[in-house]
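This report is a guided reading for someone meeting the structure for the first time. It takes up the contact between the chains, then the aromatic rings, then the charged side chains.

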Amino acid sequence: MVNKSLLLFLLFLTLPACTLSKRKDPNTAREIVDMLGNRVTVPKPLERVALFSGPTGQIALILRADKHLCAVTKTFKLSPLVREYFPHITALPSPRTVNGMINIEELVASRAQLLIAGKVDGELVQRKTSIPVAFFEDSLDEGPEAIIQEIRFYARIFRAEPRAEAYIRCMKTVETLISSRLKSLEESQRLRVYNGFSPSHLVTLGGDTFFSKNIERAGCINSASSIKTLGKREGLHSGLGEISMEQVLAWNPDIIVVDTGNPEALKADPRWSSLKAVQAGRVYTIPSGFFVWNRPTAEAAALYPLWLAMTAYPEKFKDLSLPAILKEFYRTVFSVSLRDEQIGMILSGAYREKMMRNVP
Amino acid sequence: MNRRGRVQPLLLLLSLAVVLIALSIGKIPVSPEHWKEILLGRMDTSAPQWVALVQIRLPRILAALLIGAGLSASGTVFQGLFQNPLVSPHILGVASGSAFGAATFILLGASVPLIRIGAFLFGLLSVVMAYGLGRFHRRSPLLMLVLSGVIIGSLFSALTSFLKYIADPMERMPTIVFWLLGSLNNIGWQDLAYSAPSMVLPLFLLWLYRWRLNLFSLGEEDAKSLGENTELLKALVICCATSITASAVAISGVIGWIGLVIPHMARLLVGSDNRYALGVSMTLGALYLCLVDTLARSLSGMEIPIGILTAVIGAPTFALLLRRAFPGEGEP
């Protein structure tokens, strides 16, 4: 009797080993390394991938891997440009609403072979299902290098390395363009930019976030560089922090970038009207393409610095047309041919407004 | 003058000091010369010192004083009315109703003034509903009123949760949560002008009737036997407190703790006679919120959520007061 149960026990011990060795068969499986350094075994061919990365998931579109997605987040589907150019995405299930809120059954029902997710979501799914999870790094303190690492990580999963390198080349070209034009800019000539989000314009991204680096890449200085906003606060997305009106007054920025409301309205508000930027009429709405350009997306990593540099120092870019560059960028990177009015909507921030109205 | 009479003027003086300190603290330094220029009306209205003092600090401080006084007064009269020390101004569901109103209007993409109007109206609606529900039972009206408040409050909280659930996670849901957290950061003269009348007038009414509020401590039956119509007084108190609380929630979100604990502090200082307790409670609440808000905006580079500070500073203070009020109790 004892022997029998011992045998049974040994059999159980060897079972996982059997499946493991079966998984490692090079014809039906392959191994990838995720952004945290874990080795993840995924089936080959990989056809059904669930993506829990919100706006940054647009990398899957850049890699033309959209056909292999089987589940995405709710936010991902709200983008009007995603809806227009990748309509099949809108039909996919969205088992994740916010971080840590996942409908596991819906995820399992999507028959995902692999999940790409951040720490909280990924660990939850690992505990409850047998779906392999590849983790991306979801910290917000790194600049463009993080985006490059991220797109290479996605490329390893979807085996789309050439498209990833094409994006990286594009980003580098934009970067070189900006730095060559701003070469002669003295340190003292750099403009101070305050990004004021939410309807109060008092929510911002501090000096320790990726966004500060994007501002610096445009030859400007983040007004909020002295404060740290990394981390998660209730009611705000991670990396955002609320500051007081008086703080903005003390910073007195040269340029203000808002995401909500009419920039002209600041002129009528006595608390804002005396600021240098408002007096000079240098208040702008942040552009929004596949997603708003204040999040760490591949799109914004290349285009926000370009837009800001051309907005802050128009005299240095007199011979260039931003709409033409954008058209070219979206054609090369996302393989979509945008119309003139669409470029206009991106630059005016209209897609952000539209995105909000797509909410069911 | 007796001890109870001395507390009020002392607190008023202290408030004045706190207001002056609050006015002089901020990210923009204001020197004595600047003060002189401002007071003499010689400063340019676009100078940063002028904007900081007159357009930013002053309305914010006034709002803090008004909301602090309002919530504390509502708490005091409600605790008196319901004869229950655990009652806060939110007992009849005002906060839940206002929260639901605000969430609805945020979800509809309304502008900030509209969100505030929505919050105010739904706050009133929830109390009307609770009051109506409580009237069905003639037996023990006060208990029924509290229970109706709990019912209506739960209903509106559930509805707010539902709105948060269907709101998009990138934009509206965080806005709703953020709004409900409570803050005085974005208050300007305009916000104050809209909401001040619906707070100042009821506060004045409660102040006028403060000595009559003591009738509630007799219990409804005894008050009736004295020929007093407590029903009318009850309605007046509920109307006033609701208007104050709904206006407060509409401009600052839900700020807890003050309406519950400040009345206790006031009673510890001057006893439960409303002739003294109401005024002391109002002054103490105003002083306290002004102080806490000054810390919220100046302690760090970022705004500190005011709800956290009201509790962190209030709890030890309250514990200290309790010890002093009941010395020796609890010792072997």
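## Terms and model

A residue counts as buried when its relative accessible area is under 20%, as exposed when that area is over 50%, and as partly exposed in between. By this rule A:Arg331, with a relative accessible area of 41%, is partly exposed. The model discussed here is a predicted one.

## Where the two chains meet

In the interface, 35 residues of chain B are in contact with 35 residues of chain A. The two chains bury about 3100 Å² between them, and 65% of this area lies on carbon and sulfur atoms. On the side of chain B, the residues that lose the most area to chain A are B:Met170, B:Phe178 and B:Met302, which together make up 22% of what that side buries.

Charged and polar pairs also cross the interface: the count between chain B and chain A is two salt bridges, and seven residue pairs are found in polar contact. In one of the salt bridges, A:Glu246 pairs with B:Arg57, with the closest N and O atoms 2.4 Å apart. The elements that give two or more residues to the side of chain B that touches chain A are α3 (48–82), α6 (141–166) and α7 (172–181) of chain B. Sorted by class, that side of chain B has 18 nonpolar, nine polar and eight charged residues.

## Aromatic pairs

Over all chains, the structure holds 15 aromatic pairs. In chain A, the rings of A:Tyr194 and A:Trp251 have their centres 6.0 Å apart and their planes at 45 degrees, so this pair is tilted. Because A:Tyr194 lies in strand β7 (residues 192–196) of chain A and A:Trp251 in helix α11 (residues 245–251) of chain A, the pair ties together parts that are 57 residues apart in sequence. Both A:Tyr194 and A:Trp251 are buried.

In chain B, the rings of B:Phe100 and B:Phe156 are also a tilted pair, with centres 5.4 Å apart and planes at 45 degrees. This pair links distant parts of the chain, since B:Phe100 is in helix α4 (residues 94–107) of chain B and B:Phe156 in helix α6 of chain B, 56 residues apart. B:Phe100 is buried, with a relative accessible area of 13%, and B:Phe156 counts as buried at 4% relative accessibility. Back in chain A, ring pairs link A:Phe86, A:Phe290, A:Phe329, A:Tyr330 and A:Phe334 into a cluster.

## Salt bridges

The structure holds 24 salt bridges over all chains. One of them joins A:Glu165 to A:Arg152, with the closest N and O atoms 3.0 Å apart. This pair links distant parts of the chain, with A:Glu165 in helix α9 (residues 161–181) of chain A and A:Arg152 in helix α8 (residues 144–158) of chain A, 13 residues apart. A:Glu165 counts as partly exposed at 28% relative accessibility, and A:Arg152 is partly exposed with a relative accessible area of 37%.

A:Arg271, which meets A:Asp269 in a salt bridge (3.4 Å, N to O), counts as buried at 9% relative accessibility. A:Arg331 forms a salt bridge with A:Glu328, the closest N and O atoms being 3.5 Å apart; both residues lie in helix α15 (residues 322–334) of chain A, three residues apart, about one turn of the helix. A:Glu328 counts as partly exposed at 44% relative accessibility. Finally, salt bridges that share partners join A:Glu84, A:Arg339 and A:Glu341 into one network.

Definitions and conventions
Residues numbered from 1 in each chain as written. Chains lettered and ligands numbered in written order. Predicted model: local features only at pLDDT ≥ 70, side-chain atom pairs only at ≥ 80, totals over all residues. Heavy atoms only, no water. Contact = heavy atoms within 4.5 Å. Buried area = accessible area lost by both parts, 1.4 Å probe. Salt bridge = Lys/Arg side-chain N within 4 Å of Asp/Glu carboxyl O. Polar contact = N/O pair within 3.5 Å; in protein donor to acceptor, adjacent residues only side chain to side chain. Helix = DSSP H or I, 4+ residues; strand = E, 2+ residues; numbered from the N terminus. Nonpolar A, V, L, I, M, F, W, Y, C, P; charged D, E, K, R; others polar. Phe/Tyr/Trp six-rings, centres within 6.5 Å; stacked < 30°, edge-to-face > 60°. Buried < 20%, exposed > 50% of the residue type's maximum accessible area, 1.4 Å probe, protein only.
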